Amino acid sequence: MPSRAEDILKGFKVNWMNLRDADNGKILWQGNDDISSPEVIHEARVPKKILQCRAVSREINFSSVEQMDKFRLEQKVLFKGRCLEEWFFEFGFVIPRSTNTWQSLIEAAPESQMMPANVLNGNVVIETKFYDDQLLVSTSKVRLYYV
């Protein structure tokens, strides 16, 4: 018998995601891959200029067959396996058999702490843990390439 986490994951899908410059709303990157799938390390090619943004707006469109009472994400920015930053996002209640769009603001680290794109390129992995309250549903990884 599948666990609750397996039931949620089976009916969960990231339909699309985009990253925008939060200051002007311009889309810098968008993708249609289901990045919630834990079996592979996904890849994203994002423009280098995203590193110059004061803040980035991330929009995720997802569908869920199952109800979730407290859907949330924990994300880590890993550089060569070492955690540089950690972010926490809460969506809340997810209606069963629904499609939702979730926008979050991610503020950049101070300029003095930023590494150049050529150093980060291929060495950064965003690890995302999808939860329903304390129940871990999936862990996904996306390797970033700056183009």
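**Aromatic contacts and the open sheet**

In this predicted model, the charged end of Arg-72 sits over the ring of Tyr-131, at 4.1 Å from the ring centre, where a charge counts as over a ring if NZ of Lys or CZ of Arg is within 6 Å of the ring centre and within 35 degrees of the ring normal. Residues are numbered from 1 along each chain as its sequence is written, and side-chain values use heavy atoms, with hydrogens and water left out. Local features need pLDDT of at least 70 and side-chain atom pairs pLDDT 80 or more, whereas totals for chains, interfaces and linings use all residues.

Across the whole structure, nine aromatic pairs were found (ring centres of Phe, Tyr or the six-membered ring of Trp within 6.5 Å). One aromatic cluster is formed by Phe-12, Phe-62, Phe-71, Phe-91, Trp-102 and Phe-130.

An open sheet with mixed pairing is built from five strands, which follow one another in the order 3-9-8-5-6 (strands are DSSP runs of E, at least two residues, numbered from the N terminus; two strands pair if DSSP finds at least two bridges between them). Its edges are strand 3, covering residues 41-46, and strand 6, covering residues 82-94, each of which pairs on one side only. Strand 6 runs antiparallel to strand 5, which spans residues 68-79, and the two are joined by ten bridges. Within this part of the sheet, Lys-76 has Glu-86 of strand 6 as its bridge partner.

Technical notes. Rings of Phe, Tyr and Trp (its six-membered ring) pair if their centres lie within 6.5 Å; planes under 30 degrees apart count as stacked, over 60 as edge-to-face and the rest as tilted. Helices (H or I, at least four residues) and strands (E, at least two) are DSSP runs, numbered from the N terminus.
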